[in-house]
Amino acid sequence: MKIYLYLVLFIFFYENVQSNQNDPGQFLVGAGIYDITGQVAEIGFMGYAVPKQRGQGLLQRMRARAFIIGNKDREENRVVYVSVDNGMAFQIVKTEVVDRLNKTFRSNLYNDKNVLISGTHTHSTPGGTGGTALVDITTFGFVKENWEACVNGIVQAIVRAHNNIQLGRIKINVGQVDNANINRSPASYLNNIDKNNYTDNTDHEMTVLRFESFDGKNEIGMMNFYPVHAVSLNNTNLLVAGDNKGYASYLFEKSKNPQGTLPGKGKFVAAFGQSNEGDVSPNLMGPKCIDTGLPCEFATSTCGGRTEKCIAFGPGKDMYESNTIIGQRQFETAKDLYDRAQNFINGNNIVQFRHTYIDMQTINVSSRFTSTKRNETTCQAALGYGFAAGTTDGPGDFDFTQAKNSTNPFWQFVASFLAKPTQQQIQCQAPKPILLDVGLIKPIEWVPFVLPQQIFQIGQLYIIGLPGEFTTMSGRRLKATVKQALINAGTWTSDSHVVIAGLSNSYTHYITTFEEYQEQRYEGASTLYGPHTLASYQQIYDDLATKLAQNQSVPSGPAPYDMRGKTFSFVLPPIWDGVPIGKKFGDVIDDVHSSYKPGDIARCSWWGANPRNDLFTEKSYLYIEQYINQTWTPILTDDDIQTRFHWKRQGIDHSVITVEWFIPLTQQTGQDLYRIHHNGVKNNIFGKEQYNALSKSFTIQN
């Protein structure tokens, strides 16, 4: 009888625990999206640091995608996650966003501590938004128009998410994305002592969150975390785009919003967030010597001792096809995980956060966390020679190579005009040969030193907001540190899960493991604060996770340097627009054909104006229109992957605008009429004025 009673009690207890683990938690949830596209012409791109990579048009618009998750009973317990189609998040952006949110909501509802802004790391974004010298130097300084577009777009996305808040539930699913990334610094990875603990040298794990109304009848949005560099489009691309993650978001939103909804206009929001992508490339064919077709030298990624000819490609026949392939693979996995998601975020409906600022140049790191098992310190910020070598996704110039542990007298002499490293700094950063001692360069801030450190808890999910690019193994170790801290605090459960939101809130370049740092490839050379940088992060997040679990407060820390009003810029405004004598703005140069077949490219060009005159925020520079019910109806915009918007300077003040439509093979054929429509704004002595340009109509037939 006792055995029977024990069995009944065990079954009841087990089923009750299982039920509680999969009961839907009740959260306040809201999602919003807004356009953050900056100037698509003449401005240098942020990412590859190639001055000649300056915009000449648009492939897809850039978006901010915001999600608000809150405790339904305590208004102050809510967090905001924003994924931006941008190179990274910057402190000068975050600070202004928070200030405007405080003015909008007249409270401290959304603040520095509970707002997390994470960049997707597209390298095809208009630059000049960082504020610090190192990230803005190749764009010839700060570009206020691009910064304003980014700030305003993030604020508006959060406002929309706030206005859409409802009682909802969140499902979580975790799976594998295969054949979508490779390690671009395998020689460094192989130096890790724990490499044999893992099957792959990159993380394939994707974590998907499904947001829906509490009754499950309405789908609200999706966000996921997966590590891969958004560099499918290489440094020869001159069209602004969100790269593979932006395309994946576009596909997901297109699949979920009603048919015919133009991009960015639907209620369903899908964010493909970045994670620990520091050494992770989407160029699956790997690096080859472009002159011989042979593999590059393994340790240094050189061809004949030079970096310029060692470039990674693939998997498509060109970078635009590669972009769609990698985006498609992320989309397909995310969609599958989203559709099959069964487990709910619950964790007693907990929503909480911890945030602090840390001066990364003055940290004493405990032997608990260092690889040397000795007490160590971080260093004043510095970049090594391998930084200037670039990567196989985008190699540098001159004679710099990765994995270089010695200095060059010529470049040492040149760099000394900015700041000469002290002997203490040389020893602290060893074995890094210091090229740019950015921690000592005055009077302007070249890189940030005081950095935001942030962690969110949403039920059993923990999101670590990191201000830089963690490599695969450094990300794994940091997540393990957070997990162990939660275990020690007694709050880790069987369904707890940790993810990394990379490139968040500020930007401090790369963070490698101690072993990877010894190799001094690009990632190690770009680890600013020396060989014990990762250990310092492990120490910081061990403390933050512990305080979070024990419901203890953390100090705010020192205030970061506010770069607003202190930036430099040598970017000239666009010159006045003109057209050839006898021509008007919007006059056709080369018109479309009267008929096309599926798979063809419909193309039209006009005399136009510089697109810098108007960003056309939440609008479009182009429309593909179809004649439906005696009305020309837009069916595609400049945010659709099938279209491309090109700008080209001709002479001194003339602009040629070309719009292309890559007609899909699946396009319906028949007698329906189509046309291409371009909108622009001209600027001259009489001021700004909008103009419209049209192609003639055409059909699509077999």
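Q: Over how many bridges do strand S17 and S24 pair, and in which sense?
A: The model is predicted, so local features need pLDDT of at least 70 and side-chain atom pairs pLDDT 80 or more, while totals for chains, interfaces and linings use all residues. Residues are numbered from 1 along each chain as its sequence is written, and side-chain values use heavy atoms, with hydrogens and water left out. Strands are DSSP runs of E of at least two residues and helices runs of H or I of at least four, numbered from the N terminus; two strands pair if DSSP finds at least two bridges between them. S17 (residues 351-359) and S24 pair in the antiparallel sense over 9 bridges.

Q: Which residue of S25 stands opposite isoleucine 455?
A: S24 is joined to S25 (residues 461-465) by 5 bridges, and the two run antiparallel. They form a hairpin with 2 residues between them, and glycine 459 in the turn has a positive phi of about 60 degrees. Opposite isoleucine 455 stands isoleucine 464.

Q: How many residues of S24 are buried?
A: Buried means under 20% relative accessible area, exposed over 50% and partly exposed in between (1.4 Å probe, protein chains only). In a regular strand the side chains alternate between the two faces of the sheet. Both faces of S24 are covered, with residues including Phe456 on one side and Leu451 on the other. The number of buried residues in S24 (residues 450-458) is 9 of 9.

Q: What is the volume of the largest cavity?
A: On a 1 Å grid over the protein atoms alone, a cavity is a set of points where a 1.4 Å probe fits but cannot get out, and lining residues have an atom within 4 Å of a point. Grid points are joined across faces, edges and corners, and a volume is the space filled by probe spheres set on the points. Asp203, Lys479 and Ile500 are among the residues that line the largest cavity. The volume of this cavity is about 80 Å³.

Q: Which element gives the most to the lining of the second largest cavity?
A: The second largest cavity has a volume of about 60 Å³. Its lining includes Arg61, Asp85 and Tyr250. The most, 4 residues, comes from H6.

Technical notes. On a 1 Å grid over the protein atoms alone, a cavity is a set of points where a 1.4 Å probe fits but cannot get out, and a pocket is an open set with protein on both sides within 12 Å along at least five of seven lines; lining residues have an atom within 4 Å of a point.
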